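Welcome, and please open your viewer.

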Amino acid sequence: DVLFLKGNTEITSIILSNLIGQVVYEGAVGQNETRIATDALETGMYILTIQTVNGTATQKIMIE
């Protein structure tokens, strides 16, 4: 029910969107790790975009 993110550099912001592009979570972080509660999200595939001080990373994740 929780997505735990930890990076080597400071995570500045996180965007979680569904496959049709709707943003379901967006938040500023300002540290190397964070948690996102996923219990309110529907089961399915999502796109996670992590912005750090060094650039942006995008990853598909499955929430069950």
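Start at the hairpin: β1 and β2 form it with 4 residues between them, and G21 in the turn has a positive phi of about 95°. Strands here are DSSP E runs of at least two residues, numbered from the N terminus. You are looking at a predicted model, in which local features need pLDDT of at least 70, side-chain atom pairs count only at pLDDT 80 or more, and totals for chains, interfaces and linings use all residues. Residues are numbered from 1 along each chain as its sequence is written, and side-chain values use heavy atoms, leaving out hydrogens and water.

Now select β1 (2-18) and β2 (23-37). These strands pair in the antiparallel sense over 11 bridges; pairing requires at least two DSSP bridges between two strands. Click F4 to find its bridge partner in β2, R35.

Then show the side chains of L3, L5, I11, I14, L16, I36, Y46, L48, I50, I61 and I63, the largest nonpolar core, with 11 residues. Two or more of its residues come from each of β1, β3 and β4 (55-63), and β1 gives the largest share, 5 residues. Such a core is a set of buried Ala, Val, Leu, Ile, Met, Phe, Trp, Tyr and Cys residues joined through side-chain atoms within 4.5 Å, where buried means under 20% relative accessible area (1.4 Å probe, protein chains only).

Terms used. Buried < 20%, exposed > 50% of the residue type's maximum accessible area, 1.4 Å probe, protein only.
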